[in-house]
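The exercises below ask you to work through a ligand site and some aromatic contacts, step by step. Please look at the sequence and the model before reading each solution.

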Amino acid sequence: MKDRIAIIGGGLGGAAMAGLLQKAGHDCVVYEQAPAFTRLGAGIHIGPNVMRIFRHLGMEQQLADFASHPDYWFSRDGFTGDYLSRIKLGEFAVKEYGAPYITVHRGDLHELQLKLLTPGTVRFNKCLEHVEDRGDDVLLTFTDGSQETASIVIGADGINSRIREALLGVEPPQYSGWVGHRALIRGDQLRRYNLDFEKCVKWWSEDRHMMVYYTSAKQDEYYFVTGVPHPEPDFEGAFIDSSKEELFAAFEGYHETVQALIESAETITKWPFRNRTPLPLWSSGRMVLLGDACHPMKPHMAQGACMAIEDAVMLTRCLGETGISEYATAFALYEQNRKERASRVQAISNANTWLRTQEDPAWLFGYDILNVPLTEGRG
Ligand SMILES: Cc1cc2nc3c(=O)[nH]c(=O)nc-3n(C[C@H](O)[C@H](O)[C@H](O)COP(=O)(O)OP(=O)(O)OC[C@H]3O[C@@H](n4cnc5c(N)ncnc54)[C@H](O)[C@@H]3O)c2cc1C
């Protein structure tokens, strides 16, 4: 019988997993709960560690063409504007780490990832409700009552993963104590200020920050995301509306550039940051986890999606080493080769210290997951 690989969730991690499996010659199906993907108002950084993966997938150049290419990641004191660090990116990143560092609209990135897939790979409106590992295969039951079977199931279904739940039981993620406010600003709004809007800058004070960058090469869209301590918001769902008033209060006394950004923001949303401590296992039987389903983190290192995409490469490599029928060995090898790095990134991201001071990011950006030798026997 032909192997059937099911991926639950078609986000940035699930889409990468499908693209990599198909490139390696496997068939796979992505079951996605959403009726369609929308261009959610948010940006994302993609480091050289993942641009190299996009090169392998044949989408690096297209992405690089429409993305913004910051020459530096600047960290600045939120009140005085003094520089705390200047981390070299741009040409330096290409030379040192082998690929560019970009910032982009996440909807544009996702759309490009999905275009690479064989038509029909993503089945929309398929919300997984129940999963049963029957030994010889896995039975998937969706909320519309339909059922499918698969040889192996990859849980790329985010922080509230059903697959994680099947492996480890029901346990809601923990609220981190911080929210992120997100807003897009039209580039032309910024021309009325005599201020320097840098391509990639993080404004810091003791317990809060605002990360700001362009989401396109044309610089027609600027984006910020904050981290602000906040009592746990009482609502269902991923985000809620916020307001300029709330942000002016949160960033009172901050530099005039930050004030100008708040003033220029159109819709402002507020996202509670939730996370989990590292999971005791990443797979069981025919099911395995990746990305936020496996190691969710506060977003402060701008590497959550990058880790999901690195996971997808390693899982594809391990399945290639063993063959699908030896999935248990492949899953163990995958965890052995991913856990240390993903947990390290998770810890630094949660601590929100990344690039605040002048540090060397080579261990993160220069890592070549496509070619790193596989290690066995650790875990
Ligand atoms: C404010 C903020 C800023 C961030 N900035 C960055 C950044 O700059 N760089 C970076 O690398 N990362 C960043 N991240 C992190 C990044 O967004 C996540 O780590 C990444 O999206 C995880 O990808 P994923 O595919 O694992 O999960 P998700 O993106 O959550 O995708 C999960 C998918 O599964 C689907 N799904 C869920 N349940 C089911 C079900 N039962 N059945 C079927 N489908 C289901 C969902 O609809 C969704 O499409 C940021 C996160 C936040 C909150």
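A polar contact is a pair of N or O atoms within 3.5 Å. The model used here is predicted.

**Exercise 1.** Find polar contacts between the ligand and the protein, and then describe the shell around the ligand.

Step 1. A polar backbone atom of Gln 33 lies 3.1 Å from a nitrogen atom of the ligand, and a backbone N or O atom of Ala 302 is 3.0 Å from a ligand nitrogen atom. On the side-chain part, an N or O atom of Arg 106 lies 2.9 Å from an oxygen atom of the ligand.

Step 2. Of the 1,000 Å² of accessible area that the ligand has on its own, the protein covers 85%. Helix H1 (12-23), strand E3 (43-46) and helix H9 (304-322) are the elements that give two or more residues to the shell.

Step 3. The ligand is surrounded by 31 residues, and the closest are Gly 13, Glu 32, His 45, Leu 128 and Asp 292; the shell divides into 14 nonpolar, 10 polar and 7 charged residues.

**Exercise 2.** Classify the ring pair of Tyr 213 and Tyr 223, and say where the two residues sit.

Step 1. The whole structure holds 18 aromatic pairs. In this one the ring centres of Tyr 213 and Tyr 223 are 5.2 Å apart and the planes are at 65 degrees; planes over 60 degrees apart count as edge-to-face, so the pair is edge-to-face.

Step 2. Tyr 213 belongs to strand E14 (residues 209-214) and Tyr 223 to strand E15 (residues 221-229), 10 residues apart, and both Tyr 213 and Tyr 223 are buried.

Key:
Residues are numbered from 1 along each chain as its sequence is written. This is a predicted model: local features need pLDDT of at least 70, side-chain atom pairs count only at pLDDT 80 or more; totals for chains, interfaces and linings use all residues. Side-chain values use heavy atoms; hydrogens and water are left out. A residue is near a molecule or strand if one of its heavy atoms lies within 4 Å of it. A polar contact is a pair of N or O atoms within 3.5 Å; within protein, one must be able to donate a hydrogen and the other to accept it, and residues adjacent in sequence count only if both atoms are side-chain atoms. Accessible areas come from the Shrake-Rupley method with a 1.4 Å probe; for residues, only the protein chains shown count as cover. Helices (H or I, at least four residues) and strands (E, at least two) are DSSP runs, numbered from the N terminus. Ala, Val, Leu, Ile, Met, Phe, Trp, Tyr, Cys and Pro count as nonpolar, Asp, Glu, Lys and Arg as charged, and the others, Gly among them, as polar. Rings of Phe, Tyr and Trp (its six-membered ring) pair if their centres lie within 6.5 Å; planes under 30 degrees apart count as stacked, over 60 as edge-to-face and the rest as tilted. Buried means under 20% relative accessible area, exposed over 50%, partly exposed in between (1.4 Å probe, protein chains only).
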